[in-house]
Amino acid sequence: MSQRDLAAELREARITAPSELRERVRLIAAADTTPTRRVTWRRALVVALPVAAVAATVVFTRPSDHRAAHTPAAAHGEVVPQQGAAKTFSATPATTDSAAGGGAATKLAVPSTLGRVQVYGASLALRLKSATAVSDGVKSALRIASSLGGYPTSVHATSQAKVANADLTLKIPRTHVQEAIARLSALGTITSERVDIQDKQAGLNATDRRIARLQTQLAGLRRQPPSATTTTRIAALESQIARLQRAAAATRRSAHYATVQLHLTSAQAIVAHKQGHGPLHGVVVALTWLGIGAVYALAIGIPLAALTLLVWLAARVVRRRREDVLLSRS
């Protein structure tokens, strides 16, 4: 008989253990008092590795507090081209100690180009000593605008306790806008200043050329013999020319006045004093982030440990059932 035949016969044979042997096995299993190792080093390693990986990721990928948020500040009076023909002149002094009425801060020079139509816009923020000074500043600003041939389009003032704020929109003739900004700046401490200029001359030149072409066409039509078609075309050209002329006139009128936005406040600027770090600052930071890592580890490790325990209990129950089945076979 070959080995293959012997192996086949052994597989097909159902060997039944004697009842004495089964009873002895049950007694040995019942008398076994060997403690079961519920937690082994392999199981602990399976749980510890993912937790350690998460904690390391949290610690080493945390955002740094020492990043340098460096934004280049524009110099006072620096020209910054905008879209089209617009230009911006801005200045924001960080700290200005000029007293109200002194106006020692740097003032922006408003450039002027002779022979060109330009729309001016300026914004100015001032800090005054008290709410009463803000009220007086509003009156002074209105007097300054009136003395220069300008007028206010809106005035909004609010007051609460010792803090007052006011926002004014003033229309100032373009020829006096430089003087207006200088006099308004003297009312208090400058906190920010901005001037915007939009050149409208190129657009007006294009409109003038178009009007000239239309007028040439209109003159040619008027020399033709009168007819219904000619009359209709003449009326359409006259309407188009009048519309373009009105738009050009409106643009020139808008450029005559500069718009000045003035903000007055009595609120004091809050200066944050940066304190130096002690010799144990690094240790405190390290312990803080280790604590955060431990919280993450617990938040992720506890569910993993519970899942591992459930899998182990299920495997144990299945193993015991298989043992019972083997022992119960006759």
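The model is predicted.

**Exercise 1. Find which residues of α4 are buried, and check the span of the helix.**

Solution. 
- Step 1. Locate the helix. α4 covers residues 131-147, 17 residues in all.
- Step 2. Take the span. From first C-alpha to last, α4 reaches 25 Å.
- Step 3. Compare with expectation. At 1.5 Å a residue, 24 Å is expected, and the span of α4 is close to that.
- Step 4. Apply the cut-off for burial, under 20% relative accessible area. Ala133, Val134, Gly137, Val138, Ser140, Ala141, Ile144 and Ala145 pass in α4.
- Step 5. Consider the spacing. Residues three or four places apart on an α-helix point the same way, because there are 3.6 residues a turn.
- Step 6. Look past the end. Gly149 follows α4, and its phi is positive, near 85°.

**Exercise 2. Examine the pair Glu179 and Arg183: what links them, and where do they lie?**

Solution. 
- Step 1. Check the distance. The closest N and O atoms of Glu179 and Arg183 are 3.7 Å apart. The cut-off is 4 Å, and the pair forms a salt bridge.
- Step 2. Glu179 is partly exposed at 38%. Arg183 is partly exposed too, at 34%.

**Exercise 3. Which parts does the salt bridge between Arg252 and Asp208 tie together?**

Solution. 
- Step 1. Confirm the contact. The side chains of Arg252 and Asp208 meet in a salt bridge at 3.5 Å, N to O.
- Step 2. Assign each partner. Arg252 sits in helix α7 (residues 228-256), and Asp208 sits in helix α6 (residues 201-223), so the bridge ties together parts 44 residues apart in sequence.
- Step 3. Arg252 has a relative accessible area of 38% and is partly exposed. Asp208, at 34%, is partly exposed as well.

**Exercise 4. Describe the bridge between Arg194 and Asp196, then state how many salt bridges the whole structure holds.**

Solution. 
- Step 1. Side chains of opposite charge can pair when their charged atoms come close.
- Step 2. Read the distance. The closest N and O atoms of Arg194 and Asp196 are 3.4 Å apart, and the two form a salt bridge.
- Step 3. Arg194 is partly exposed at 35%. Asp196 is partly exposed at 30%.
- Step 4. A search of the whole structure finds 4 salt bridges.

Conventions. Residues numbered from 1 in each chain as written. Predicted model: local features only at pLDDT ≥ 70, side-chain atom pairs only at ≥ 80, totals over all residues. Heavy atoms only, no water. Buried < 20%, exposed > 50% of the residue type's maximum accessible area, 1.4 Å probe, protein only. Helix = DSSP H or I, 4+ residues; strand = E, 2+ residues; numbered from the N terminus. Expected span 1.5 Å × (residues − 1).
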